[in-house]
Amino acid sequence: MAQDQATREASAGAPPPAAAADARRGLTAAEAARRLAQYGENALEEKHVSPLVKLLSYFWGPIPWMIEIAAVLSGLARHWEDFGIIVVMLLLNAGVGFWQEFKADTAIAALKQRLALKARVLRDGAWLEIEARLLVPGDVVLVKLGNIIPADLKLVAGDYLSVDQSALTGESLPVDKKIGDAAYSGSVAKQGEMTGLVTATGMNTYFGKTARLVEKAGTVSHFQRAVLRIGNFLILSTIVLVAGIVSVALYRGDPLVETILFALILTVAAIPVALPAVLSVTMAVGAEKLARLKAIVSRLVSIEELAGIDVLCADKTGTLTQNKLTLGDPVLIGATDKDELLLVAALASRREGADAIDQAVFDGLGSADRLAGYAVKAFQPFDPVSKRTEATLERAGATFKASKGAPQVILALAKPDAAVAQKAQAAVDALAAKGYRTLGVARADGAGWRFLGLLPLFDPPREDAATTIERAGRMGLDIKMVTGDHQAIAREIAATLHLGQNIVPADKVFTKEGQALDPVAVEAADGFAQVFPEHKYAIVKALQSRNHIVGMTGDGVNDAPALKQADVGIAVSGATDAARAAADLVLTASGISVITTGIEEARRIFERMTSYAIYRIAETIRVLLFMTLSIIVFNFYPVTAVMIVLLALLNDFPIMMIAYDNAPVAERPVRWDMTLTLTLSSLLGVLGVIASFSLFWIAERYFHLPRPEIQSLIFLKLLVAGHMTIYLTRNKGAIWQRPWPSWKLVTACETTQVIGTVATVYGWFMTPIGWRYAGLVWGYAIVWFLFNSGCKILVYRLLAHRTPRQAAHLARVEHWLARHAPHP
């Protein structure tokens with residue numbers, strides 16, 4: 001009853017079925033264009049914020065309020081130079097934030113466009129593939145296995161369709177549909193094939209929206225959550241330390257307005273407000289490059305998991321092999337000759353849009369004229385459950401059936417005597433040992449099915465597969481073959497590709513309920529044969545229980561649960577809509593090399609994010625701790641408020657370029673290491689504080705410089721050393737090791753350093769120090785830079801050789817930090 005009501009609601013405002021004019025020809029292009037203008041696109045209405053409103057939003061919020069109050073206080077105190085530069089900081093912060101969000105939104109929009117749902121529609125008498133958003137009421141649409149139904153339909157032709165509409169109606173089992181039934185937008189075709197008439201599109205559908213293949217950029221990954229917690233912890237520390245500075249300054253009788261002004265500016269400069277935006281832009285830029293490499297990330301945050309994959313379960317067909325089947329010599333059993341066997345196999349194949357198997361059969365048949373005179377009355381396409389096709393045909397008034405599929409399925413269908421079944425099985429085993437997969441062929445003329453014979457098919461390995469697998473091994477990636485083929489075929493292909501020979505049948509390591517009998521045995525296997533889709537899910541679960549980050553490839557509708565369960569679900573080229581919707585990575589080119597190239601790029605992206613996290617934490621510690629100790633212990637403001645603003649402005653440009661840096665590729669899978677990040681960033685921050693106090697002491701005791709000049713010296717040191725820290729954190733080895741920094745990063749760093757140097761030499765917004773002292777600061781910063789580089793290398797080496805006991809202790813520290821750090 002509820003469904004009938006939903007159907008009536010969904011069809012409200014839609015044209016009657018007769019509006020399709022002619023179901024055999026579909027709408028004309030002109031009529032489709034007219035209806036598109038009338039009803040709008042078949043898509044969810046999204047609220048779009050104008051660029052001006054989005055830009056103005058960057059002037060509203062806690063951080064902009066602090067800057068705006070600081071500007072007002074500067075104006076009240078008539079510090080017009082401070083006022084001008086604070087206003088510039090406000091405008092630049094808004095501009096940088098707007099640009100970063102625009103960059104991320106543009107990348108997301110491009111990914112959505114590339115993953116747009118497609119539909120097969122009848123227009124002007126020809127079947128076309130168009131974007132689902134262009135469907136209009138009255139269109140005639142073909143729906144088959146694995147498709148996401150693109151609009152609300154009334155089914156008008158075809159034998160049957162089994163639809164999973166659990167996401168819409170809550171029904172746990174697929175629903176069988178027949179002619180005259182409604183099929184709802186967003187549901188998934190699990191079996192069968194039918195033609196439907198579009199009754200409602202877009203916001204008028206029962207579901208109210210089309211399937212969304214890309215999640216919004218706001219999703220937070222484990223990496224981002226950890227970094228955001230650190231950021232929030234630094235915010236809390238900043239507030240506490242600044243409150244201490246204000247309390248001491250007021251106790252000492254410092255001017256109230258100037259004290260508050262300094263505190264506000266220091267807070268703005270110390271808080272890592274750009275942290276989330278920089279991470280988003282870094283991932284967005286990386287996702288754009290992955291898309292150019294034929295690997296489209298459907299969720300930006302999945303890049304982290306892609307970088308950490310250590311086990312890849314790869315489909316044999318199409319990923320490790322060429323998916324270009326060639327026909328071997330047929331094995332005749334019940335057929336009179338080769339021609340009869342090939343003819344029946346061809347009749348059990350789909351002529352339009354033939355897949356690789358059907359195409360190999362048609363190529364073996366030769367002339368298509370041999371199919372003339374046979375009328376197809378019904379056709380049951382292949383699906384992963386039945387594992388066969390079946391056609392009902394008529395010729396010269398006589399009706400018969402033809403079927404082809406997995407040998408064991410066709411043998412069970414035909415039920416030959418034991419001798420024939422044994423002969424067929426022996427032939428299957430012998431062919432499998434040579435790397436051939438086989439098709440069984442049968443025919444029914446009314447007196448039951450007759451087993452005709454076997455068609456051997458060979459799918460050669462991809463030319464680049466062996467070398468790519470070898471390279472993947474060097475990357476720390478364990479590739480496990482997954483195939484529905486016989487164990488002997490899998491072993492033959494594995495030997496060719498230099499994979500291990502421990503190929504196990506899936507039913508030997510999993511129960512019928514999909515539980516692993518022995519997860520260790522699953523982990524030790526080099527591949528799995530005779531795999532059904534439900535086994536893929538069990539394989540992923542078993543490997544994850546052994547603490548692996550698992551990638552799983554798939555293309556079919558029944559692969560969707562495994563792709564969703566995997567840390568990185570990978571929909572291979574040509575995958576069904578359902579598989580693409582469940583996947584984190586969608587490939588637009590065939591082969592395993594696309595995957596390994598994508599993993600390499602993901603590791604580069606991960607290194608950029610780690611580099612920025614270490615840099616940002618170290619800089620916050622360096623500046624904030626130095627300021628606090630200077631003011632509280634020595635009663636000396638080491639830099640002025642305007643210098644802090646200048647530091648923040650000059651730091652923004654290099655930070656934006658981190659997303660474009662030439663990051664190194666880790667030799668092994670990478671995971672977020674909180675201990676390493678906190679240890680290294682804290683060490684660099686503390687060393688920076690020591691270096692700043694040492695320069696202060698040298699300038700005052702040896703050079704006897706007045707305090708205003710010392711402030712200029714400290715400003716230049718903080719700027720130069722801070723930018724050098726970016727170079728320091730971008731790799732784990734010596735600074736001269738490749739890959740060298742990108743020209744964008746170098747240009748941004750060196751340009752801002754030169755501007756800061758000239759400002760201190762000639763006294764822009766500060767006391768001039770001349771070239772002599774500027775050169776001294778540069779030399780001093782370089783010496784500390786080299787010393788810090790050595791300390792960094794030492795930290796990496798020490799933490800790389802952590803004992804189990806040390807690792808356990810550090811894990812407890814990380815757990816404590818995770819519990820006590822403020823949540824985002």
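## Rings, charges and the overall fold

The charged end of lysine 744 sits over the ring of tyrosine 660, 4.2 Å from the ring centre; a charge sits over a ring if NZ of Lys or CZ of Arg is within 6 Å of the ring centre and within 35 degrees of the ring normal. This is a predicted model, where local features need pLDDT of at least 70 and side-chain atom pairs count only at pLDDT 80 or more, while totals for chains, interfaces and linings use all residues. Residues are numbered from 1 along each chain as its sequence is written, and side-chain values use heavy atoms, with hydrogens and water left out.

**Charge over a ring**

- Arginine 772 also has its charged end over a ring, that of tyrosine 773, at 5.1 Å from the centre.

**Aromatic pairs**

- There are 12 aromatic pairs, where rings of Phe, Tyr and Trp (its six-membered ring) pair if their centres lie within 6.5 Å, and planes under 30 degrees apart count as stacked, over 60 as edge-to-face and the rest as tilted.
- One of them is the tilted pair of tyrosine 436 and phenylalanine 458, with 5.6 Å centre to centre and 55° between the planes.
- Tyrosine 436 lies in the loop between α15 (418–433) and β15 (437–444), and phenylalanine 458 in strand β16 (residues 449–458), so this pair ties together parts that are 22 residues apart in sequence.
- Tyrosine 436 is partly exposed at a relative accessible area of 25%, and phenylalanine 458 is partly exposed at 25% (buried means under 20% relative accessible area, exposed over 50%, partly exposed in between, with a 1.4 Å probe and protein chains only).
- Phenylalanine 634 and phenylalanine 693 form a tilted pair too, with 5.6 Å centre to centre and 50° between the planes.
- Because phenylalanine 634 lies in helix α23 (residues 592–634) and phenylalanine 693 in helix α25 (residues 674–701), the pair ties together parts that are 59 residues apart in sequence.
- Phenylalanine 634 is partly exposed at 44% relative accessible area, whereas phenylalanine 693 counts as buried at 18%.
- Ring pairs link Phe634 and Phe693 with Phe626, Phe636 and Phe696 into a cluster.

**The chain as a whole**

- The protein chain has 29 helices and 22 strands, taken as DSSP runs (helices H or I, at least four residues; strands E, at least two) and numbered from the N terminus.
- Of its 824 residues, 53% count as buried.
- Among contacts (heavy atoms within 4.5 Å) with a separation of 6 or more, 72% join residues 24 or more positions apart.
- The chain exposes about 35900 Å², and carbon and sulfur atoms supply 59% of that, by the Shrake-Rupley method with a 1.4 Å probe.
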